[in-house]
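My entries follow in the order in which I checked things.

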Amino acid sequence: VGIVGGAGFMGRLHSLAYGSVRAIYGDGLPRVERRRLADVRIGPAQVAAARYGWAEATDDWRDITRADDIDLVDIVTPNDAHAEIAIDAARHGKHVLCEKPLAGDAETAAAMAMAAAASGGVHQVGFVFRAWPAMALAKQYILEGRLGRALYFRGHFFHDYALDPMLPFSWRFRRDVAGAGALGDIGSHVLDLARYLMGDVERVLGRSMTFLGERPRPEGGVARVDVDDATDLLLEFTGGARGSVQVNWSAAGYKTDLGFEVWGDRGSVRFSWQQPNELLFYSCADEPDSRGYRTVILGPEHVRAEAFWPTPGLGLGYADAFAISVSDLLTAIRDRRPAAPGFADGLRVAEVIEAALASVRRRGWVDVARRDLGEASLDTR
Ligand SMILES: NC(=O)c1ccc[n+]([C@@H]2O[C@H](COP(=O)([O-])OP(=O)(O)OC[C@H]3O[C@@H](n4cnc5c(N)ncnc54)[C@H](O)[C@@H]3O)[C@@H](O)[C@H]2O)c1
């Protein structure tokens with residue numbers, strides 16, 4: 001494996017996953033060697049490589065995408081750099097893992113999906129939350145009909161890290177680099193979960209707010225923020241269900257609260273990352289005098305958690321989500337089948353965001369324009 005952008009936040013999480021995945025899932029998975037870490041900042045790249053177990057550091061990502069000794073290219077750069085690196089990797093026959101959102105706009109995401117499909121390699125996008133056991137259990141309940149007909153998805157991702165007006169300007173506040181603000185950064189995760197649980201989004205109505213129009217630059221002075229701090233969406237799904245999504249990275253008091261509910265005509269599920277090892281389940285089939293949300297504590301009897309600890313209730317954490325995702329990717333590479341979520345899923349989310357941004361501009365409902373991917377449009381869900 002070679003990783004690009006590995007000196008940053010995600011470089012650390014992905015490195016941990018490569019280090020732990022075979023200890024958790026066993027030697028049935030392909031052997032993983034952390035061969036090379038690239039980052040434009042060579043000093044931090046060398047430090048990160050030594051610390052996270054990579055054999056070498058480089059400041060040129062082509063040393064990874066074009067190297068004979070690399071099979072899998074992992075891209076953890078800011079969003080605007082994903083496409084060039086992923087397409088180059090695909091053209092050189094590599095498997096590609098790319099962080100989310102796949103790209104800053106849907107056209108670019110489509111080009112990436114086409115290139116990845118044409119390469120014949122396995123591709124995965126870093127929507128790690130759908131790999132989480134509670135999401136898999138929610139999906140299982142929906143497929144088993146325990147909620148009856150799933151009528152409504154209510155999702156949110158709240159955070160308050162951007163509330164501080166002194167938080168320095170970074171790539172996340174630039175539309176040309178990030179594509180969108182809270183909507184693309186944290187909202188893309190919720191929209192992926194909405195698709196995972198409910199199917200494709202048909203049309204969307206959106207409203208965005210930017211609370212702080214400028215932020216201090218790390219090098220001095222101020223820079224203009226041209227992305228959303230908060231966005232509210234109403235959704236209509238292809239299957240007829242409805243939904244709403246709220247994202248806000250300036251929501252005082254919230255720390256990584258990704259959450260959702262699915263309301264069906266015979267029951268519902270509810271999840272919040274504040275209690276990541278619990279899924280709440282309500283069933284209309286319960287006796288009326290004892291109906292209420294029950295708390296299902298996730299453990300070895302639940303899909304996606306089974307490979308971890310034999311004792312129920314010990315709990316998994318954020319880093320484990322990456323190990324679960326990487327185990328999917330390595331399994332797909334071993335079995336020569338598509339990984340989920342693949343680049344087509346990354347594109348579908350980019351298309352919903354594209355429609356949401358258009359809706360915010362036009363102040364009205366916008367249909368999601370889904371590109372025809374032909375052979376590449378494998379439904380990886
Ligand atoms: N899946 C998740 O839960 C999750 C969480 C956080 C971030 N992300 C995504 O991961 C990506 C990286 O986010 P981050 O928080 O790690 O950012 P970061 O700013 O901490 O790290 C990015 C790194 O990429 C390097 N870099 C920038 N341009 C480069 C280039 N052209 N070539 C090589 N290196 C380059 C930077 O020097 C930096 O070290 C983003 O796409 C982000 O949306 C995903």
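Before anything else I noted the rule for a charge over a ring: NZ of Lys or CZ of Arg must be within 6 Å of the ring centre and within 35 degrees of the ring normal. I also wrote down that this is a predicted model.

Entry on charges. I looked up lysine 139 and found that it lies over the face of tyrosine 196, at 4.5 Å from the ring centre. I then turned to arginine 270, whose charged end sits over the ring of tyrosine 293, 4.1 Å from the centre of that ring.

Entry on ring pairs. I found that the structure holds 20 aromatic pairs. In one of them, the rings of phenylalanine 153 and phenylalanine 260 have centres 6.2 Å apart and planes at 10 degrees, so I recorded this pair as stacked. Because phenylalanine 153 lies in strand 7 and phenylalanine 260 in strand 13, the pair ties together parts that are 107 residues apart in sequence. I checked burial as well: phenylalanine 153 is buried, with a relative accessible area of 0%, and phenylalanine 260 counts as buried at 1%.

Entry on a tilted pair. Tyrosine 161 and tryptophan 249 pair at 5.8 Å centre to centre, with 50 degrees between their planes, and the pair is tilted. I noted that tyrosine 161 is partly exposed, with a relative accessible area of 28%, whereas tryptophan 249 counts as buried at 0%.

Terms used: Residues numbered from 1 in each chain as written. Predicted model: local features only at pLDDT ≥ 70, side-chain atom pairs only at ≥ 80, totals over all residues. Heavy atoms only, no water. Phe/Tyr/Trp six-rings, centres within 6.5 Å; stacked < 30°, edge-to-face > 60°. Helix = DSSP H or I, 4+ residues; strand = E, 2+ residues; numbered from the N terminus. Buried < 20%, exposed > 50% of the residue type's maximum accessible area, 1.4 Å probe, protein only.
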